[in-house]
Amino acid sequence: MADDGVVNEPYSRAGSTLRISRRDTAKGGAAIAAAIFAANCMSTSEAAPPRVSPLHAEPSHGLRVRTTVNGEAVDVDIDTRTSLLDLLRERLALTGAKKGCDHGQCGACTVHVDGRRVASCLTLAAKVEGREILTIEGLSGGEDLHPMQQAFIDHDALQCGYCTPGQIMAAVACVAEGNATSADRIREYMSGNICRCGAYVGIVAAIEDAVSKMRKG
């Protein structure tokens, strides 16, 4: 072995000498290892079955629902087990109402049905036949925000915003029900809407601010 890092090995073929450096040896080994790894990956991917197989499913108990959503007539075929929340989000692409707990405990899915607030995750879509539904998307008039929406902005009554649509819909209902007469009463009648960011101080302030503006409107 020479001092310059070159391995000299006599190889008798037509009187020539084969010279191999350590760098050439390393490159060759790496190339072989990469080729083996790629071959193993290809064989594994070809042999492995898909991890998720889509299931083709049709409603076993179909139902046609005719209702009004944000002032527009809706006529849609659904499974009888469909919740109002899933109808709004999955079928009508109205994603303002959020799926938080799916147990009616967080209030993120709050919408209005015939003027009353409901947890849409617990309300069967079949039960809104012929009724009027209002979601956060239909609350404002065109480009003008609803007074409650503007109040939430003015008082920083949100942080991540995930629960905000449900908070606003519940807050509008709280005022309409006559339950926004004091901070304590607002807290009591908004207790079904959870804000995991803890923006409760701003929420109460926003509702108090919006009360007079909603009454004027």
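Q: Which residue forms a salt bridge with Arg66, with the closest N and O atoms 3.4 Å apart?
A: This is a predicted model: local features need pLDDT of at least 70, side-chain atom pairs count only at pLDDT 80 or more, and totals for chains, interfaces and linings use all residues. Residues are numbered from 1 along each chain as its sequence is written, and side-chain values use heavy atoms, leaving out hydrogens and water. A salt bridge here needs a side-chain nitrogen of Lys or Arg within 4 Å of a carboxyl oxygen of Asp or Glu. For Arg66, the partner is Asp75.

Q: Is Arg66 buried, partly exposed or exposed?
A: Buried means under 20% relative accessible area, exposed over 50%, and partly exposed in between, using a 1.4 Å probe and protein chains only. The relative accessibility of Arg66 is 43%. Arg66 therefore counts as partly exposed.

Q: How many residues apart in sequence are the parts tied together by Asp75 and Arg64?
A: The side chains of Asp75 and Arg64 meet in a salt bridge, at 3.4 Å from N to O. Asp75 sits in strand β4 (residues 72-79) and Arg64 in strand β3 (residues 62-69), so the sequence separation is 11 residues.

Q: Which residues are linked with Arg64 and Arg66 in a network of salt bridges?
A: Two partners complete this network. At 47% relative accessibility, Asp75 is partly exposed. Arg64, at 41%, is partly exposed too. The residues linked with Arg64 and Arg66 are Asp75 and Asp77.

Q: In which strand is Arg117, the residue linked to Glu177 from a distant part of the chain?
A: Glu177 and Arg117 form a salt bridge, their closest N and O atoms being 2.9 Å apart. Glu177 is in the loop between α4 (164-176) and α5 (183-189), 60 residues from its partner. The strand that holds Arg117 is β6.

Q: Is Ser120 buried or exposed?
A: Ser120 is placed in the loop between β6 and β7 (132-134). Beyond neighbours within four places in sequence, Ser120 is in contact (heavy atoms within 4.5 Å) with Ser83, Leu84, Leu85, Cys109 and Val111. With a relative accessible area of 0%, Ser120 is buried.

Q: How many strands are in the chain?
A: Helices (H or I, at least four residues) and strands (E, at least two) are DSSP runs, numbered from the N terminus. Along the sequence, the pattern reads β-β-α-β-β-α-β-β-β-α-α-α-α. Besides 6 helices, the count of strands is 7.

Q: What share of the accessible surface belongs to carbon and sulfur atoms?
A: Accessible areas come from the Shrake-Rupley method with a 1.4 Å probe; for residues, only the protein chains shown count as cover. The chain has about 13,800 Å² of accessible surface. The carbon and sulfur share is 53%.
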